[in-house]
Structure formats: structure tokens, C-alpha cells
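Please consider the structure shown below. The paragraphs that follow discuss charged pairs, then a pocket, and finally the arrangement of domains.

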Amino acid sequence: MTTAQATALPSPTRVGLSRGRIELRQFFRQREQVIFTFTFPAFILVLLASIFNGTYPDGVSVGQVFSASMIGAGIVATSFLNMGVGVALDREDGTLKRLHGTPVTATSYFLGKIVLVAVASLAEVVLLLAVGMALFDVTLPTDPGRWVTFAWVFLLTVVSCSLLGIAISSIARGAQSAAAVTNVPYVALLFMSGVYITLDALPEWMLRVGSLFPIKWAAQGFRSVFLPDSMAVQEAAGSWEHGTTALALGAWCVVGLLLCLVTFRWTNRRG
Amino acid sequence: MDAITVRGLGKSYGDVTAVAGVDLAIRRGEVFALLGPNGAGKTTTVEVLEGHRRRDRGEVSVLGEDPGTAGRAWRARIGIVLQTANDAAELTVRESVRHYAGYYAHPADVDEVIERVGLTEKAGARVKSLSGGQRRRLDVALGIIGGPELVFLDEPTTGFDPEARRQFWALIRSLASTGTTILLTTHYLDEAEALADRVAVIVGGRVVAEGTPATLGGRSQAKATVSWLAEEGPRTMLTDTPTALIAELSRGRELPELTVTRPSLEDTYLELIGETR
Ligand SMILES: Nc1ncnc2c1ncn2[C@@H]1O[C@H](COP(=O)(O)OP(=O)(O)OP(=O)(O)O)[C@@H](O)[C@H]1O
Ligand SMILES: [Mg+2]
């Protein structure tokens, strides 16, 4: 009888997708949080592009460069910050504990989170592109190769940053502390990765530190998608470095996954 | 077969010994209540049985499996009502219950469960707008939606108004009448008396007494207190043979204000936890 019931349990995939629906519903009902998550990068983009104006050779505006970089920063927010705080909150308010007492597996829970992050990140990209196109002459690439680049940069960024967010949520003591331990490195790295400041203004050591983390590679990847190839010389390495980008983001996926597997807990209390 | 057997269960948090050798045997279909003062180790014991916490010592079998290693299929057979949770604030009551129903192979009917816990009028309301007692009723609904064989309830009626408590008792009785095994903890002795087939009293991580509510701590054999109004004023006597005493006293007369009482469950309980302090 036990086995008959086991085979009849809904599959982890089905439960995961159902969790995805419920995660989205809960996320989009928290209006202030939604507005903040989505408009904050757009708001900073408009500010930055108004402070630093000017054009590069080939008529590329500073606004265009910031728009492309901000897409990278935006999806790091919808993945890394969203997961770091979201999972810590699920641990604090009893969501995870309750799930642990049901047939829901960790796989289904994370599948739900993946759906949430994927939808939120795509929405973020659409919003930032809309702002960039409306205000800063950003144009959508027509070359399919660039969309391929877009797809893998998007995927690797979202996966690596979600995993890192989940890992950091386990290290944090609670949701409050998770908000701090995710936001501080995030904002610091936005500066060091040339998202908030043009690359030529950054000291060498900051570039070095920035290039250890995913944000720099995400931002550079999206610049390679949305800026003409003549802009590659403006990068620290003088080229788009697609190989290194894939390698760096891929390595963070592996590190993130390992950290998750080692640190994941269903409750805040140990024991 | 027993639904739950526990032998020599022990659990410490650092220097604090929360459970120090608990033995329990809970039969299938039984309603079993754990009583005990704050910090006695009730939640710790129950959470070990639920698979939420790891034990340090002892043997535990819940529905034939070790909760420390049991899998999905086992979790589908138990229902847990948490002592503290405030998740899913943005969902409505019905959305939550329906979503949880989707985790199980043979869930109960969503609206029927909402009705059974008395939340029909709040079915469309956001969880965050519920009162404390309504929130607990939702917890109960989520605990029973999967049609469990065994339900754990940790202080399920804390914060309920008297009417809601009666409703809840009726719900537990109806679950029990369909053969569901129930393990609950409570601080309300009337609740234990009304619901439980058997109770155990835990003090300082140990079971100090176990039995039916009527016989706990030798309650049924305890001396009866006979009180009446004599000519000199009110009188009270403790006796093993109240019938004989009254016959002798009255000799056919009416004894004014006559009462015969045995210790209440609360008296017995307070005596039990007092002895061990
Ligand atoms: N996670 C924990 N970390 C450290 N100590 C704990 C933890 N959980 C419980 N304790 C301690 O273990 C003891 C037993 O706690 P437990 O929660 O099991 O008691 P309880 O009988 O459920 O009490 P109550 O009636 O107040 O709910 C207490 O001394 C408590 O302080
Ligand atoms: Mg407790």
C-alpha cells in the first residue's frame, strides 16, 4: 500500500511547477517589493546616464553603454538578491519547515524558485531594454549570433547568481541579515565591475577584484550583445572575451551549486 | 501495530538536555496527548517524531519507519500542524489549501477541509489578514489536507476562542473516528480530558506519568472528598469509602450542601509536576 501511494504521488517536476506558480503569485502581490526590484535599476540607469553624458567614437552614447551594463546588474538583482533574501525569508517564516513536513522535495522547491527567477529576470530585461530604447538610442540586435550570446550570458548569470544567493541565505542568520550580506557585496561590485562608473575611471585594482565575480562578466556580456563591435576596444582587455566570460560564469555556477549542497538547511535552527 | 514507538529518546542542545530518555507507545487510531510545563521537552519530542530534528539517542519508529531517514512516501502519510508559522501571507486561504492539496496523491476536498476548520467565510481572504486563531485553523487545514494516517498537533488550540476550541475538538473527534492517529500537545487539561484516549506527562525531558485521563497518577483510586454543612459549620473529610461515610453520617436525614469530589485532572497534573520539581 505504501508503494502504491508512493507511485501515485505527483512528480517532483509537477510539484515544482506548481510551486513556481505560487511563488510568482506571492512575489507579484508584494507591490512595494515588485516596484522596488524592477524600477531601482531603471532609476539608477536614468540618473547615471544624466550625470555622465558624452559619446564614444562611432556615435555610441554613454547612455547606451550604461543601459547594456545595467541589464547585467538588473538580472543579478532579480536572481542573487531575490534568492538570498527570499530563501532566508522562507526559512524564517516557516515556509521551508512546513514544506519539509510534506512530500515536497528540495528539488521541487528550487524548481519553483527557478521559475520565479526566470520570469522576474526576463521582466527586468524587458523593462531595462524599454528604458534604454526610449531614452538612450539602444537598438535591438538583428544578428541572430548576438541573440545566442544574449541567451547564454543570461542563463549563466541567472543560474550562477541564484545559486550564490541561495548559498548566502544559509550563511545569514535570518532574513534581515540576508538583506545586508547580499546587498553590500552587490553594490560594491556594481562599482568595481564598471556598471555604475565607466571602466576608464576605475583604478586597476578595482577592475581586478571586480573581474573575480559574476557581475563584471554579465555586464560585459550584455555590452557585447547591445553595443557595436567597435566598442570592444573600450573593455579592459580590449576585446569582448566571450570565452573567459563563459568560463568565469560557468565556474561560479559550479561553486554556487557546491556551496548550496553543503550549506542548505530547512530551518534556521541547527539540530 | 503501534503507530509510534519511542525507546530511550534523548536530545540535547549544547548544555541543555531537552529530552532525557522518553519511552512512548502510541497505538494506531489512538488520540494521545502530551502534557507538561513550558520547556518540558514536548516540542522537541514531537519534532523528532516528525523528522524535523535529529535525536542524539534512542530508537524511534513512526508508521514503521525511522523519521530521521524516511522519504517522500512516508511524509505523505503524516500531517504536521506547526507551533509557529507565518508563511504564505500573500495567498488566500483557499489558494494555500488548494496548493498544498497538489502535493498529495489522494488529498481531501479543498472546500470541505476549509469548512471543517471553520474558515469558509474567510476562504477568499489573504492569509495576512487572518486573526491569530484563524491562522491556526489554517495551519490545521494544511496539516490534514493530504488525508494523513497520523497527525501531529503542537498546541493546536492556543489562541482559540471557546467556540473555536469546541469546533476544533469536534474536528479532532471526527478525524479520530475515521481511524486517524493523533498526537497532540496541550496546556489545557480540559482539552486533554475531552479528546485524549491516553495522556503522558513530561517534566524535565522525562515521562513522569502515563495513563488514561481518568486514571492518570492513580486518580481513579484517589481518596474522595466529602463536604457537607454540619450544625457547627462546613465540614470536609477525605475517604476511600464515600458511600459508607455518607450512610453513617446521614442515617436517613438529608445532609445539607453535600458534595463528593475526586481530584480533577488538573489537581493530579499539578501534583505530578510539583513532585518532580
Ligand atoms: N533550538 C533550540 N536550541 C536550544 N535550546 C532549545 C531549542 N529548542 C528547545 N530548546 C530548549 O529545550 C528545552 C525543551 O524545549 P521544548 O520546546 O521542547 O519545550 P516544550 O515542552 O515544547 O515547551 P512549551 O510548552 O513552552 O512549548 C527548553 O529548555 C528549551 O529552552
Ligand atoms: Mg512547545
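In this predicted model, A:Arg208 and A:Glu204 form a salt bridge in which the closest N and O atoms lie 3.4 Å apart. The two residues are separated by about one helical turn, because they stand 4 residues apart in helix H9 of chain A. A:Arg208 is exposed, with a relative accessible area of 54%.

A second salt bridge in chain A joins A:Arg223 to A:Glu235, with 2.7 Å between the closest N and O atoms. This pair links distant parts of the chain: A:Arg223 belongs to helix H10, whereas A:Glu235 lies in the loop between H10 and helix H11, 12 residues apart. Both A:Arg223 and A:Glu235 are buried.

In chain B, the side chains of B:Arg136 and B:Asp139 meet in a salt bridge at 3.3 Å, N to O. Both residues lie in helix H5 of chain B, 3 residues apart. B:Arg136 counts as buried because its relative accessibility is 9%, under the 20% cut-off; B:Asp139 is also buried, at 1%. Through shared partners, salt bridges connect A:Arg98, B:Asp87, B:Arg135, B:Arg136 and B:Asp139 into one network. Over all chains, the structure contains 28 salt bridges.

The largest pocket has a volume of about 920 Å³. Its lining comprises 42 residues, and among those nearest its centre are A:Gln30 and A:Val85. H4(A) gives the most to this lining, with 9 residues.

Chain B is divided into domain 1, domain 2 and domain 3. The centres of domain 1 and domain 3 of chain B, taken over C-alpha atoms, are separated by 40 Å.

Technical notes
Residues numbered from 1 in each chain as written. Chains lettered and ligands numbered in written order. Predicted model: local features only at pLDDT ≥ 70, side-chain atom pairs only at ≥ 80, totals over all residues. Heavy atoms only, no water. Domains from an automatic or database assignment. 1 Å grid on protein atoms, 1.4 Å probe; cavity = no way out; pocket = protein on both sides within 12 Å on 5 of 7 lines; lining within 4 Å. Points joined across faces, edges and corners; volume = space filled by probe spheres on them. Salt bridge = Lys/Arg side-chain N within 4 Å of Asp/Glu carboxyl O. Buried < 20%, exposed > 50% of the residue type's maximum accessible area, 1.4 Å probe, protein only.
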